[in-house]
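Here is a brief report on the structure shown below. Keep the sequence and the model open while you read.

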Number of protein chains: 2
Amino acid sequence: MAISSMILSLSATEAIAANASPMVRIAEIEVDPDQLAAYKAILAEEQEASVRLEPGVLMLHSVAIAAQPNQIRLLEVYADRAAYEAHIRSSHFVKYKTSTERMVRSLKLIETTPILLCAKAAADSKSLVPTCR
Amino acid sequence: MAISSMILSLSATEAIAANASPMVRIAEIEVDPDQLAAYKAILAEEQEASVRLEPGVLMLHSVAIAAQPNQIRLLEVYADRAAYEAHIRSSHFVKYKTSTERMVRSLKLIETTPILLCAKAAADSKSLVPTCR
């Protein structure tokens, strides 16, 4: 299992190095205000599991619009379309989808073309290293 | 100069560790289609410089909407409001703002509250390490 994860992880890295086409999307989600806290907890759990367990899930960033807190926006970055297809079959995604079905009032998925994705990441506990892809 | 950067970098790391409140924003930008290639090049240069040079600029992700390529969306993450105020005074941001003034048809800044920001980052050339903040 550990070896298999490592092989998958190397493949994802190599895909990026080879400039494989990442799939980048914005999700616009309106949530029932009465179920917002529960929704956010389930979403965060799903994001954490997806980025930790799936080699091809490169980023999942979620925010709530300050003036309309039940309007959620996600920026989703997958190594390629195959990584996305694998993601929607994962047990943690299926759990998220099933658990939040009655909390989500509307969902709009917007396909995008990445221009540049830049972030600092902690290379150790004391420094942040900038990388762009 | 190197020492000063290191001190600033440590401060940014400590601010995150101490759970200082990051400022997270979505920018919705409509660009003159005739000037789109030039705009994207200037934007990418500004993003790269900001994340590399400014300790408090944690992420700058830019995408174009696939069906409307002159509609640009940015997810901007600053360590705190002071980091953002410093950013808009930086020479690379002022250069971006001045150079693109006649390319941008409209700009909408949407304040958000982060739920969870998760990404894999390359800890070395061969592996991607997941982190959420």
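Predicted model: local features only at pLDDT ≥ 70, side-chain atom pairs only at ≥ 80, totals over all residues.

## Glu48(A)

Glu48(A) is partly exposed, with a relative accessible area of 31%.

Where does Glu48(A) lie? It lies in helix α2 of chain A, which spans residues 36-53. Which residues does Glu48(A) contact, leaving aside its neighbours within four places in sequence? They are Leu116(B), Cys118(B) and Cys132(B). Those three residues carry the chain letter B, whereas Glu48(A) belongs to chain A. Within chain A, Glu48(A) and Leu60(A) are 12 residues apart in sequence. In space their C-alpha atoms are 8.4 Å apart.

## Chain A as a whole

Chain A has 4 helices and 5 strands. Read from the N terminus, the order is α-β-α-β-β-α-α-β-β. The chain has 133 residues, and 47% of them count as buried.

Take the contacts in chain A with a separation of 6 or more. Residues 24 or more positions apart account for 66% of them. The chain exposes about 6,800 Å². Carbon and sulfur atoms supply 58% of that area.

Helix α4 of chain A covers residues 91-100. Which of its residues are buried? His92(A), Phe93(A), Tyr96(A) and Thr100(A) are. They sit on the same side of α4(A) because they cover an arc of only 100° around the axis.

The face turned away from that buried side carries exposed residues. These are Ser91(A) and Thr98(A).

## Ile88(B)

Now to chain B. Ile88(B) lies in helix α3, residues 81-89. Is this residue buried, exposed or partly exposed? Ile88(B) is partly exposed, at a relative accessible area of 29%.

Set aside the neighbours within four places in sequence, and Ile88(B) is in contact with Phe93(B) and Val94(B). Ser50(B) is 38 residues away from Ile88(B) in sequence. The C-alpha atoms of Ile88(B) and Ser50(B) are 10.0 Å apart in space.

Technical notes. Residues numbered from 1 in each chain as written. Chains lettered and ligands numbered in written order. Heavy atoms only, no water. Helix = DSSP H or I, 4+ residues; strand = E, 2+ residues; numbered from the N terminus. Buried < 20%, exposed > 50% of the residue type's maximum accessible area, 1.4 Å probe, protein only. Contact = heavy atoms within 4.5 Å. Arc of directions from axis to C-beta. Areas by Shrake-Rupley, 256 points an atom, 1.4 Å probe, with all protein chains shown as cover.
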